[in-house]
Amino acid sequence: MAVELTHTPVCRLCGQGPLEPRLVFRAPTYSLSGDFYLVACSKCGTWQINPHPGQKLCQAYFSRPELWAEGLDPDNNPVSPVKRAEERLKEYIIYARAVNHFLPKGGLVMDIGAGTGLMLSLIPDSFSRLAIEPNQEAAEVARSRGLEVVREWAENLNFSHKPLSGLIFNQALDHLPRPDIILNRTLNRLTPGGLILITGLINPLSLPARLYGQGHRLWNPFHQIYPPLSAVQSVLAAYGLETVGVWRPYFNTPYGNTVKLIADFFKLMGALFIRPKGAVSPPWPGSTYSLLARKKVLFKPLSARSPQAAPIGSAY
Ligand SMILES: [Zn+2]
């Protein structure tokens, strides 16, 4: 894949900065090759890749049919993405319980970058549900679950006059080249009491990230931003959202169990004394997190007829 990177001078979460250098990592060969630079926003603390894959490169990468075929994980073990998604069911059920508890009735629940639709399928079909998934193979799996799927990129989405009561970015927000722009477009359309679920964000200040530096397993050119929890919360607060749930998934994921935790504990303790060279960090609780936030009732969304509202191209 030809590498055409984009330089963005401001933070791609909070829109501010300045951006300060942190580290350089070598991209794994299964996605892009070469060195990538991680910088940190001095305002919100979000780490991010810069220069980074832009819209064109991301669309080429995420529309590949083989994205949903068998590949290798950071430990070089074979992995099937569809099967791996199914293995996250326990984790997703935990999120779905919380979403379903708070979700206001009557609006649309939109899952942007829905993949195979497993997460959205856990929202009861009494709600109006829409999966946005550009990859054809993933979209077909989502449709087989009975979901309505629009094959479109987040950047090209049009929004209807229908109130948006739920927004899901399941393992998706940090894959977007401009998450700040997408958040601005979508959060302004969320109704009072409406929810946003963001899962799978990578904490750049986790213990494995600090101890392994360049060798942290989660650095990847297509993981575009690495926000600490406080950064996400402060950006969401600017749109009138308050956090109602935070999770640090480990035991309910395919990556974590008690035996691994004990073995990896000793690995991390060793890394405290000798910084590992060329080694890949182990999965660890707190390396990633998910959160659910709710728009305060006093906040009103932008009028659907305001100039910022995109023209509508479909029923949604
Ligand atoms: Zn920032």
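These legends walk through several views of one predicted model, beginning with the whole chain and moving on to its sheets, a helix and a few loops.

Residue numbers start from 1 along each chain, following the sequence as written. Because the model is predicted, local features need pLDDT of at least 70 and side-chain atom pairs count only at pLDDT 80 or more, while totals for chains, interfaces and linings use all residues.

**View 1**
Helices (H or I, at least four residues) and strands (E, at least two) are DSSP runs, numbered from the N terminus. The C-alpha trace spans about 60 × 40 × 40 Å along its principal axes. Among contacts with a separation of 6 or more, 75% come from residues 24 or more positions apart. Two residues are in contact if their C-beta atoms, placed from the backbone, lie within 7 Å.

**View 1. An open sheet of seven strands with mixed pairing.**
Read across, the order is β10-β9-β8-β11-β12-β15-β14. β10 (149–150) and β14 stand at the edges with a single partner strand each, so one side of each has no neighbour in the sheet. Two strands pair if DSSP finds at least two bridges between them. Strand β8 (residues 108–112) pairs with strand β11 (residues 164–170) in the parallel sense over four bridges, and Asp111 has Ile168 of β11 as its bridge partner. β11 and β12 are parallel too, this time over six bridges, with Leu164 partnered by Leu190 in β12.

**View 2. Strand β15, covered on both faces.**
Take a look at β15 (residues 288–295): eight of its eight residues are buried. Thr288, Ser290, Leu292 and Arg294 lie on one side, and Tyr289, Leu291, Ala293 and Lys295 on the other. Strand β12 (residues 190–202) runs antiparallel to β15, joined by six bridges. Along that pairing, Ile202 stands opposite Thr288 and Leu201 stands opposite Tyr289. Strand β14 (residues 241–247) also pairs with β15 in the antiparallel sense over six bridges, and Trp247 has Ser290 as its bridge partner.

**View 3. Helix α6, on the way from β11 to β12.**
β12 is mostly covered, with 10 of its 13 residues buried. The chain gets from β11 to β12 through α6, and this β-α-β crossover is right-handed. Right-handed means that, with the strands pointing away from the viewer, the path from the first strand over the helix to the second runs clockwise. In α6 (residues 179–187), Pro179, Ile182, Leu183 and Leu187 are buried. They cover an arc of only 110° around the axis, which puts them on the same side of α6; the arc is that of the directions from the helix axis to the C-beta atoms. The cover over these buried residues includes β12, β13, α8 (229–238) and β14.

**View 4. An open sheet of four strands with antiparallel pairing.**
The order here is β2-β3-β4-β13. Its edge strands are β2 (19–26) and β13 (225–226), and each pairs on one side only. Seven bridges join β2 to the antiparallel strand β3 (residues 35–41). Arg26 stands opposite Asp35 in β3.

Most residues other than glycine have a negative phi, and most peptide bonds are trans. Gly17 and Pro18 are joined by a cis peptide bond, with omega about 0°, and Pro18 sits in the loop between β1 (5–6) and β2. Another cis peptide bond joins Asn50 and Pro51; Pro51 is in the loop between β4 (47–49) and β5 (52–53). Gln171, in the loop between β11 and α6, has a positive phi near 55°. Gln171 is partly exposed, with 18 other C-beta atoms within 10 Å.

Key
A residue is buried if 20 or more other C-beta atoms lie within 10 Å of its own, exposed if 12 or fewer, and partly exposed in between; C-beta atoms are placed from the backbone.
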